[in-house]
Amino acid sequence: MDRIRIVGGNELAGTIPISGAKNAALPLMIASLLTDDTLTLENVPHLADVEQLIRILGNHGVDYSVNGRRESQQKGYSRTINFSARNIVDTTAPYELVSKMRASFWVIGPLLARMGEAKVSLPGGCAIGTRPVDLFLEGLQVLGAELDVDNGYVIAKTKNGRLVGNRYVFPKVSVGATHVLMMAAALAKGETVLENAAREPEIVNLAECLIAMGAKIHGAGTSTITIHGVEALSGARVRVIPDRIETGTYAMAVAMTGGDVMLDGARPDLLQTALDVLVETGAEITPTNEGIRVKRNGAGIAPVDVATAPFPAFPTDLQAQFMGLMTMAKGKSRITETIFENRFMHVQELARLGAHITLSGQTAIVDGVARLKGAPVMATDLRASVSLVIAGLAAEGETTVNRVYHLDRGFERLEEKLSGCGAVIERISG
Ligand SMILES: CC(=O)N[C@H]1[C@@H](OP(=O)(O)OP(=O)(O)OC[C@H]2O[C@@H](n3ccc(=O)[nH]c3=O)[C@H](O)[C@@H]2O)O[C@H](CO)[C@@H](O)[C@@H]1O
Ligand SMILES: C=C(OP(=O)(O)O)C(=O)O
């Protein structure tokens with residue numbers, strides 16, 4: 001199993017290119033199931049989750065080509081991929097494929113909308129909470145689906161071959177359920193109104209894609225999304241937005257080590273709350289035509305309290321990285337996780353590097369220390385893993401992060417991007 005070895009202590013300086021967003025690319029790829037035409041996606045990141053979803057879509061009969069070829073020549077770089085779901089040959093998404101990744105469950109929406117049936121295994125994904133799918137099921141039922149859960153599979157059918165538009169008020173904001181119901185409603189008969197919908201930029205990216213495919217959608221990016229179902233959708237060409245979580249992660253790395261880095265291609269509007277928090281910690285953030293410039297020097301890191309919440313608030317996917325940063329703040333900070341009930345797995349690993357963190361329910365109290373010391377640590381989930389990388393970059397001596405397959409799910413060329421800015425970081429294979 002690969003490991004990442006870091007020798008901490010260097011400031012970061014240079015340019016880091018920001019990749020396409022994993023969490024936008026995945027639903028856009030799934031949207032290809034809605035049409036028998038070709039959906040072309042630009043800026044698709046080269047990540048383990050993307051490769052896994054290609055396999056899952058392939059099982060349904062989706063063909064793909066990368067820049068006109070089956071495989072990319074340039075391993076590890078964002079690519080343009082054409083997806084073609086001309087013939088859907090199988091409406092079952094099996095356990096072996098779906099259990100590896102949460103978002104693969106989302107195929108249930110387009111399969112049901114286009115084919116009138118779907119059998120999808122209950123999902124896996126990062127172990128950060130119980131992550132039920134009740135909202136997906138309730139919402140699809142409101143659109144007229146008949147559902148059964150049997151042997152770990154959701155078996156879904158439409159009554160007369162087509163879903164029927166309706167009003168659904170999410171009892172809780174859910175990114176995944178908003179994606180799924182928006183895709184399902186795009187081909188339903190009549191109008192659907194989704195209230196208390198997620199407002200994340202990835203929802204807006206998916207809505208832009210569906211609209212380019214001929215869907216009639218208003219209000220994506222607000223809490224109320226209205227969808228007038230159409231009979232069929234066509235192909236389109238759509239660009240995946242830059243990854244706001246990757247952007248925030250590298251911004252926090254610079255805030256941690258000090259230095260001066262240009263995050264090339266980053267969009268500040270996708271993570272304004274997190275950038276504002278970084279400014280409070282003492283980092284200098286400058287939006288430019290190319291992206292976002294992040295600098296910190298001198299005065300050290302100021303402690304700041306944060307609580308995660310749905311967009312536009314501070315994202316849960318940056319909570320672990322921010323905790324990494326706060327471990328070396330000049331004082332105490334409180335970090336409250338409100339989205340997932342078990343997203344503090346990084347606490348005990350950060351403690352191995354010398355961090356002082358205590359947990360009180362859903363709040364972590366971080367008492368900043370003057371220095372961290374390198375140690376072997378274990379990656380437990382995607383964002384937790386990268387918080388250990390951030391801490392390792394600032395720790396004295398050597399840190400080894402084990403189980404880096406978590407990192408490969410969501411960070412394209414991490415070692416290359418960081419070493420290009422002066423970090424001592426390498427992957428040790430085997
Ligand atoms: C691939 C992808 O885009 N993943 C992101 C997506 O995950 P995901 O779409 O799984 O997250 P949700 O927004 O659905 O989850 C939010 C909360 O709602 C709960 N819930 C969700 C659905 C449901 O049917 N019932 C229910 O109770 C979840 O357990 C969680 O507590 O949004 C999360 C919140 O921003 C991010 O951390 C993930 O990185
Ligand atoms: C939690 C994440 O992914 P997933 O929803 O696929 O588990 C993530 O991207 O941080």
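**View 1. N23, a partly exposed residue in helix α1**. In this predicted model, N23 comes out at 24% relative accessibility, so it counts as partly exposed, since that value sits between the 20% and 50% cut-offs. N23 is found in helix α1. Skip the residues up to four places away in sequence, and N23 touches H179, E202, D317 and R383.

**View 2. K22, a buried residue in helix α1**. K22 belongs to helix α1, which covers residues 22-31. Beyond its neighbours within four places in sequence, K22 is in contact with P45, L47, D49, D243, L382, R383, R409 and G410.

**View 3. The K22 and N23 "binding site" from the record**. UniProt lists K22 and N23 under "binding site", and the entry is unreviewed. From this set, both K22 and N23 turn up in the lining of the largest pocket.

**View 4. The largest nonpolar core, with its 82 residues**. Inside this core, the residues with the most contacts are L34, F83, F105, I108, M182 and L210. Helix α6 (residues 175-186) supplies the largest share of the core, eight residues. Nonpolar side chains tend to be buried together in soluble globular proteins.

**View 5. L210 and its contacts**. Leave out the neighbours within four places in sequence, and L210 is in contact with A31, L34, M182, M183, A215, I217 and L233.

**View 6. A second, separate core**. This one has 68 residues, including I18, M252, A255 and A364.

Key. Residues are numbered from 1 along each chain as its sequence is written. Chains are lettered from A and ligands numbered from 1 in the order in which they are written. This is a predicted model: local features need pLDDT of at least 70, side-chain atom pairs count only at pLDDT 80 or more; totals for chains, interfaces and linings use all residues. Side-chain values use heavy atoms; hydrogens and water are left out. UniProt positions are given in the numbering used here, feature names are shortened, and annotations may be inferred rather than shown by experiment. On a 1 Å grid over the protein atoms alone, a cavity is a set of points where a 1.4 Å probe fits but cannot get out, and a pocket is an open set with protein on both sides within 12 Å along at least five of seven lines; lining residues have an atom within 4 Å of a point. Helices (H or I, at least four residues) and strands (E, at least two) are DSSP runs, numbered from the N terminus. Buried means under 20% relative accessible area, exposed over 50%, partly exposed in between (1.4 Å probe, protein chains only). Contact means heavy atoms within 4.5 Å. A nonpolar core is a set of buried Ala, Val, Leu, Ile, Met, Phe, Trp, Tyr and Cys residues joined through side-chain atoms within 4.5 Å.
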